[in-house]
Amino acid sequence: MTPVPQPPELPSDLPPQVVAYIRILEATIAELTAQVTGLTTRVAELEARLNQNSTNSSKPPSSDAPHVKPAPPKPPSGKRRGGQPGHPKAERTLLPPDEIRALKPSTCRDCAHPLTGDDPQPAVHQVHEIPVITPHVTEYRCHRLRCPHCGTTTAATVPAEAATGYGPRAQAVAAVLTGSCRLGKRGTSQLFADLFGLPLSPAMVCKLQHRTAEALKPVAEDALIYTRGQPANVDETGWTQGRKRAWLWVAVTTFVVAFLIRKTRGRSAFDDLRAGSTAVHTTDRYPVYTHLSKHTRQLCWAHLRRDFQAMIDRGGSGTAIGAALLASSDALFEHWYRVRDGTLARSTFRSNYVPELRHQIGEHLRTGAACGCAKTAATCGDLLAVEASLWTFARVVGVEPTNNAAEREVRHAVCWRKTSFGTDSERGSRFVERILTILASCRRQNRNVLAFLTDAIRAHRNGEPAPTLLPA
């Protein structure tokens, strides 16, 4: 905005009333000028926010407005649709047969001559069927007997492992249906009746969830402690607890994943997740992570690319800076993909490519920090302050340049939140964070989730040590 010129000196012969009136007008003009300046700044901020989408911010693609142009389609490769020559063949898994039916031709298909004998390697065609499932019911008849000596009546007690009225496997199935399949209480109840012929009320589904959470408590605690000693992708996403705002936190390591739900998005929640950890944290640019040492932090380059795209979309002097940074990040990922697929040695990448890329990106950031676009300059200045955290992945084995692993792990939870609207209580949140921990960790270790949950529930009922998610 054009600055308002200073008012000239007033003639000394003006009447006092006129001078006072002029001074009031000057003060009013100054006040209005300040208001216009503030409103102009606010309009610019709102316009910038209006132009944010999944390509230039952390907003999910599902929040994009209809007018947002989707990413341009990839150019045709010239290949035919479907599987390409050389791709791994996918075949049905052959299971141990319960019944074998030998099929032999009786006559030759050409001359009708009778055929006898056996084929040493017959072609196998399996038909997989699910039998009708009926619940296995164990009935405990608790007798009450009177002592002939003193007359006292004593009743037999139900064993601890049977006190819930449902076996460990039934309880584990309910946990899988709600936690892994994201079914609601009524849907789980209906499925138990339809598939298993087992009555299970929605209220009992909720009770079984709480009991499962108790059984998984030591497992989840051990998993959380383990992740604190490992390099991890860290992320957080919105949650709802008791109709109030909460956040779901996740730490993703190679073999174990830990989830926590907290009512804050601040430092205390991060400390609950990663207290005392000296390992590398791969994160986005959320301010709660700024206390991390530059040697124990890796900034997510996927998020940085969206920041660079935002510089381009804002226009002005920051456009060229954003384009240059985006091009440099493209070159970085091109080389990094070769490291991941084994066609480029990590040592070669670090010695031959990283120094040049680091110099280029550093120069672009310094140029951007001095440009005329305030937002671009601020972003570049912030990145220069933590520049070393851009390159931790190049020196520490096992660290990726993005926190995409955390983004993928929270997706299941986000979809669950959208259909369940979060949790109603602390107990509900404990079930969610613990079942998510078991689901994600078992999948990373190729372990059967239902079998693990059944073992954990059975161990809890019998007072035995719980199974562990920790790698041997």
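**Notebook: around Phe259**

I started at Phe259, which touches Leu248, Trp249, Val250, Glu409, Val410, Glu433, Leu436, Thr437 and Ala440, leaving out residues up to four places away in sequence. A reminder to myself: this is a predicted model.

**Entry: the core**

Next I looked up the largest nonpolar core, which has 36 residues. Phe259 is one of those that touch the most other members, along with Ile435, Ile438 and Leu453. I then listed the elements that give two or more residues to this core: helices H2 (168–179), H4 (202–228), H11 (404–420), H12 (426–444) and H13 (449–462), plus E4 and E5. Which one gives the largest share? It's H12, with eight residues. I also found another core apart from this one, with 27 residues, including Leu299, Ile321, Leu326 and Trp336. My side note: in soluble globular proteins, nonpolar side chains tend to be buried together.

**Entry: the hairpin**

I went on to the strands. E5 covers residues 257–262, and five of its six residues are buried. Strand E4 runs over residues 244–252 and pairs with E5 in the antiparallel sense, over six bridges. How many residues sit between E4 and E5 in their hairpin? I noted four. Across the pair, Trp249 stands opposite Leu260 in E5. Trp249 is also among the residues that Phe259 touches.

**Entry: Phe421**

Then I checked another phenylalanine, Phe421, in the loop between H11 and H12. Is Phe421 buried or exposed? I put Phe421 down as exposed, because its relative accessible area is 65%, and exposed means over 50%. Leaving aside neighbours within four places in sequence, I found Phe421 in contact with Thr240 and Trp416. I also looked up how far Phe421 is from Val396: they are 25 residues apart in sequence, and their C-alpha atoms are 39 Å apart in space.

**Entry: cysteines**

Last, I searched the whole structure for disulfides and got zero. Cys206 is in no disulfide either, as I found the nearest cysteine sulfur, that of Cys181, 18 Å away. I looked up accessibility for both: Cys181 is partly exposed at 44% relative accessibility, and Cys206 is partly exposed at 29%.

Terms used:
Residues numbered from 1 in each chain as written. Predicted model: local features only at pLDDT ≥ 70, side-chain atom pairs only at ≥ 80, totals over all residues. Heavy atoms only, no water. Buried < 20%, exposed > 50% of the residue type's maximum accessible area, 1.4 Å probe, protein only. Pairing = 2+ DSSP bridges. Core = buried A, V, L, I, M, F, W, Y, C linked by side-chain atoms within 4.5 Å. Contact = heavy atoms within 4.5 Å. Disulfide = S-S within 2.5 Å.
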